[in-house]
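Me: Could you walk me through this structure, one question at a time?

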Amino acid sequence: MSQETLFTIAGYGKFFITLFIFIMFYGYAYSIYKRQKTGEKDFEKYSNLVLNDSLDSTPLEPRYRKQDKND
Amino acid sequence: MQSNAQLEYDYSVVKLFTFATILFGIIGMTIGVIIAFQLAFPELSNLAGEYGTFSRLRPLHTNGVAFGFTLSGIFATWYYVGQRTLKMSLKESKFLMRVAKLHFWLYFITILLAVVTLISGYTTSKEYAELEWPLDLLVVVWWVLWGVAMFGMIGMRRERAIYVSIWYYMSSFLAIAMLYIFNNMEVPTIFWSGDAPSSIMHSISMYSGTNDALVQWWYGHNAVAFVFTTPIIGIIYYFLPKESGQPVFSYKLSVLAFWGLMFVYLWAGGHHLLYSTVPDWMQTMGSAMSVVLILPSWGSAINMLLTMKGEWQQLQTSPLIKFMILASTFYMLSTIEGPIQAIKSVNAIAHFTDWIPGHVHDGTLGWVGFMIIAGLYHMAPRMYKREIYSKKLMDTQFWLQTTGIVLYFTSMWIAGITQGMMWRAYDDYGSLLYSFIDTVEVLHPYYTLRGIGGLFYLTGFFMFAFNMYKTATSGRVLDKEPANASPMA
């Protein structure tokens with residue numbers, strides 16, 4: 001294969017990989033904004049993980065722990 | 001759920017790393033000021049024989065502030081932010097507590113050994129990867145220990161959702177693990193040297209020539225990414241909302257900026273090798289990715305500034321908020337400056353000049369240094385259960401250090417551009433107009449100004465160390481933990 005063909009393949013490869021990443025990223029951005037808008041998931045509530053971070057405060061989304069079951 | 005009324009967060013490891021942050025900060029920054037003055041007054045290089053030369057002290061400065069001061073600050077805040085946002089205490093697991101303590105002591109010993117070996121002249125000569133192979137192995141051990149502690153803590157969390165700061169710390173752990181191993185692939189010569197003279201403290205890189213340079217700057221630039229950027233973003237995403245009592249302006253933006261940064265940063269290292277022997281497309285890609293980096297970087301920085309929306313009066317009343325807002329502003333400045341320098345035509349002037357350390361220092365002093373200082377100040381009343389000793393001293397420190405940074409980067413901007421222009425100037429016959437020493441003479445006042453700026457910053461750091469010491473030992477005792485704004489006398 002000639003060097004020119006290799007460069008051409010590499011060029012198309014770069015373009016399509018970049019396009020793929022572009023679509024993935026903006027698709028993700030659109031999906032989280034849409035989910036927030038339709039009320040499917042509230043992303044903004046996670047800010048409270050900082051504001052309510054004392055050990056005795058109620059977790060935002062509690063997680064089952066083996067240790068806690070034994071108490 | 002278990003009642004945690006009797007359980008408390010454990011700050012013993014946080015305190016150890018806080019001490020290391022201050023200690024290594026003093027060492028690394030003092031050496032920085034010395035070498036800045038050595039560049040202005042070369043006779044200062046002869047004060048301590050081989051041990052006082054610029055070439056011995058410069059790696060000590062960079063390693064001291066990057067892997068001593070900054071990493072300690074990252075670890076200190078990790079063990080604090082990690083416990084609090086995951087809602088678990090290190091007290092709940094003897095194993096994790098032991099791992100965390102072992103992490104500290106091995107780390108501390110490694111950095112002390114780094115000081116000794118670098119000043120003795122043992123170096124691989126790879127920038128920011130100077131430590132010789134026995135120390136590299138030690139680094140791997142405590143890096144893995146950090147990972148065990150990190151994922152152990154995540155595994156024990158009560159909170160299902162993992163806050164965005166933790167994502168940033170995790171990215172730092174994973175990326176550095178990969179980068180560090182690949183860039184430090186080296187052959188200890190003692191095992192293969194036969195009868196030729198060698199030393200246990202000597203190795204050669206597994207890569208050679210251009211490949212070595214490529215791997216080196218893939219690592220080198222991402223040391224900036226995953227030591228000076230992502231964990232520091234993790235720090236600001238916790239401490240600014242917490243100190244100001246304001247929710248993050250947009251959590252969605254924080255998540256998007258995270259993924260953007262993760263994808264783009266790893267490709268930008270090529271900009272260190274513009275106009276060198278690496279393939280042209282890699283240089284172009286390095287430039288292009290560096291420019292794209294503006295988006296996720298500014299995404300986080302603007303998110304932080306907008307978090308203060310409607311609460312800007314706090315900037316007048318709290319020096320701690322001032323530190324964080326200025327840090328965010330310096331982050332914006334250095335993340336617009338970096339991409340500009342990475343554009344090929346600009347780089348033709350900027351490369352190898354003082355504009356580069358100027359850029360590095362408005363990022364490290366303004367962004368990294370200020371955020372770590374702010375994080376430690378915020379943690380102090382919670383760790384020591386005492387009020388911060390002096391608000392006035394903190395405010396004075398802020399202004400002194402800010403003046404220092406401005407002196408540093410403005411002098412280096414002027415010096416760098418002057419230098420770049422003089423190197424390229426030629427007459428009608430194509431002969432160079434200036435010799436190298438001509439540029440050195442012109443730059444002397446700017447080098448002096450840089451030294452003075454550094455001295456201001458260092459003096460401020462001593463004020464910080466004093467304020468922290470007094471807070472821990474004689475601040476007014478608090479009867480309960482402050483919710484948001486840190487109390488200060």
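Me: At roughly what angle do the axes of helix H4 and helix H5 of chain B cross?
Reply: In this predicted model, helix H4 (residues 133-155) and helix H5 (residues 164-183) of chain B have axes that come within 11 Å. Helices here are DSSP runs of H or I with at least four residues, strands are runs of E with at least two, and both are numbered from the N terminus. The axes are lines fitted to C-alpha atoms over the stretch in contact, with angles from 0 to 180 degrees between N-to-C directions. The crossing is at roughly 155°.

Me: Why is H4(B) called roughly antiparallel to H5(B)?
Reply: Angles over 145 degrees count as roughly antiparallel. The two helices cross at roughly 155°, so H4(B) is roughly antiparallel to H5(B).

Me: How do the residues of the contact of H4(B) with H5(B) divide?
Reply: Two residues are in contact if their C-beta atoms, placed from the backbone, lie within 7 Å. Among those taking part are Trp143(B) and Trp146(B) of H4(B), with Phe173(B) and Tyr180(B) of H5(B). Ala, Val, Leu, Ile, Met, Phe, Trp, Tyr, Cys and Pro count as nonpolar, Asp, Glu, Lys and Arg as charged, and the others, Gly among them, as polar. The division is ten nonpolar, one polar and no charged.

Me: What radius of gyration does chain A have?
Reply: The radius is taken over C-alpha atoms, and the globule rule is 2.2 Å times the number of residues to the power 0.38. A compact globule of 71 residues would come near 11 Å. The C-alpha atoms of chain A fill a box of roughly 70 × 35 × 20 Å along the principal axes. For chain A, the radius of gyration is 23 Å.

Me: And which value does chain B have for its radius of gyration?
Reply: Chain B has 16 helices and two strands. With 489 residues, a compact globule would be near 23 Å, and chain B agrees, with 23 Å.

Me: Which helix gives the most to the side of chain A that touches chain B?
Reply: Here 27 residues of chain A are in contact with 31 residues of chain B. Helices H1 (3-38), H2 (48-51) and H3 (66-70) of chain A each give two or more residues to that side. With seven residues, the most come from H1(A).

Me: How should I read the numbering and the model?
Reply: Residues are numbered from 1 along each chain as its sequence is written, while chains are lettered from A and ligands numbered from 1 in the order in which they are written. Local features need pLDDT of at least 70, side-chain atom pairs count only at pLDDT 80 or more, and totals for chains, interfaces and linings use all residues of this predicted model.

Methods. Parallel < 35°, antiparallel > 145°, perpendicular 65-115°, else oblique.
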